[in-house]
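Let's work through a few exercises together. Try each task yourself before you read its solution.

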There are 2 protein chains.
Amino acid sequence: MQLPSQLLENAVAEFAKLPGIGKKTALRLVLHLLKKDAPEVRHFGETITKMRDEIQFCQRCFNVSDAPICAICSNTTGRNQLLICVVENIRDVIAIEATQQFNGTYHVLGGIISPLDGIGPEQLNIETLIERVKTEATTEILFALNPNIQGDTTIFYIQRKLGNLPCTVTTIARGISFGGELEYADEMTLARSIANRLPVQQYVK
Amino acid sequence: MQLPSQLLENAVAEFAKLPGIGKKTALRLVLHLLKKDAPEVRHFGETITKMRDEIQFCQRCFNVSDAPICAICSNTTGRNQLLICVVENIRDVIAIEATQQFNGTYHVLGGIISPLDGIGPEQLNIETLIERVKTEATTEILFALNPNIQGDTTIFYIQRKLGNLPCTVTTIARGISFGGELEYADEMTLARSIANRLPVQQYVK
């Protein structure tokens, strides 16, 4: 596809770098912006640039934040600061916050231990987590990592690092999804959901 | 969906304004940019803004251009300057150029006559087309408009405006698409393709 203008071509190339956006979609987006007023497009560009330039990461939990300490970490009355939910990335924080069922704090690892991808523990925010648990007298660590080998490896590694610190370590329940159908569940999930069966009283609580 | 940062929220809102991009996709794109280096994101924003600020429209054919006269209009040796292909928008120019089968010039109307949408002839680049045909001694006008009521209305209007200027007026062939199946073609298309049947010699030329 040859475009009649180099400026257009450059803009399309930039959009096409984004995940899930091909050259045709990129062209559609650029032609849409071309129809908008110049100040509006300038505002678009500036908002994106400003976001990347000025966004901060909470010094305590590494969540994105507009201040050195994020809104969740600085909310000492509404959130249980002694409960830490360990997640892989910011997207997981957003997903858990959307449930409105968790009132503790987070710790964003920034990835997951995955030797095949060359990601070791030292590249993740694990040291800071251990330090946090030690100094803040955390009572519970809740692992909310994806249920796969890398997730389990990361949980295992951190648990060993924690040694015998006096804090409960839990993980989110794995089982059949709400609305899911038993017969289509994979064997691993079904097997685990049987092994970790719950008393009905606890389930309906 | 509540986001942990206003800057993030603003950037997501900007992306979500684009056609076909919802809030979830916008968040995915923004988080992708968040992982990139700041200069790279700045380059993204600046490229888009620069495109909108500096792009020009060819003064002769209204195609997008990096100069006052576009590359096609200024190519007097390789392109037939006396043949004008009339199209609705820039996207159509790109589509026709991609076929590499057209060696004339274009005239971008910037829309199509559509009273229901409040678009009349005076909002389109029709006056300039008539002027061009008069002053440049154009030999042929080829209409490449979408085959619908608005397209036909526009062709009819322009043809009447042209009066009896000594220039051939043609339109792209309407018929069964290459690779299409006869039995699934709509009646209108099939009827037209029978009415406008071609001698086989001409077809295989």
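Here come some notes on the model, then the exercises.

This is a predicted model: local features need pLDDT of at least 70, side-chain atom pairs count only at pLDDT 80 or more, and totals for chains, interfaces and linings use all residues. Residues are numbered from 1 along each chain as its sequence is written, while chains are lettered from A and ligands numbered from 1 in the order in which they are written.

**Exercise 1. Work out which pattern chain A follows along the sequence, and how spread out the chain is.**

Step 1: start with the elements. Chain A has eight helices and six strands; these are DSSP runs numbered from the N terminus, with helices being H or I of at least four residues and strands E of at least two. Reading along the sequence gives α-α-α-β-β-β-α-β-α-β-α-β-α-α.

Step 2: check the spread. The radius of gyration of chain A is 22 Å, well over the 17 Å from the globule rule for 205 residues, so chain A is more spread out than a compact globule. (That radius is taken over C-alpha atoms, and the rule is 2.2 Å times the number of residues to the power 0.38.)

Step 3: The C-alpha trace of chain A spans about 65 × 45 × 35 Å along its principal axes.

**Exercise 2. Find the strand order of the open sheet in chain A.**

Step 1: line up the strands. The order is β4-β3-β5-β6, with parallel pairing; two strands pair if DSSP finds at least two bridges between them.

Step 2: look at the edges. β4 (105-108) and β6 (168-171) of chain A each pair on one side only.

Step 3: zoom in on one pair. Four bridges link β3 (residues 83-87) of chain A to β4(A), and A:Val86 has A:His107 as its bridge partner there.

**Exercise 3. Decide which side chains of strand β5 in chain B are buried.**

Step 1: recall the general idea. In a regular strand, side chains alternate between the two faces of the sheet.

Step 2: apply it to β5 (residues 140-143) of chain B.

Step 3: see who sits alongside. B:Glu140 is the bridge partner of B:Leu83, and B:Phe143 stands opposite B:Thr171 in β6(B).

**Exercise 4. Describe how chains A and B are related and where they meet.**

Step 1: superpose them. In chain A, the C-alpha nearest the axis belongs to A:Gly45, 2.0 Å from it.

Step 2: size up the interface. 47 residues of chain A are in contact with 47 residues of chain B, contact meaning C-beta atoms, placed from the backbone, within 7 Å. α3(A) gives the most to the side of chain A that touches chain B, with 14 residues.

Step 3: compare the two sides. 100% of the interface residues of chain A are also interface residues in chain B, so the copies meet through the same surface.

How values were computed
Least-squares fit on C-alpha atoms with pLDDT ≥ 70 in both. Contact = placed C-beta atoms within 7 Å. Buried ≥ 20, exposed ≤ 12 C-beta atoms within 10 Å, placed from the backbone.
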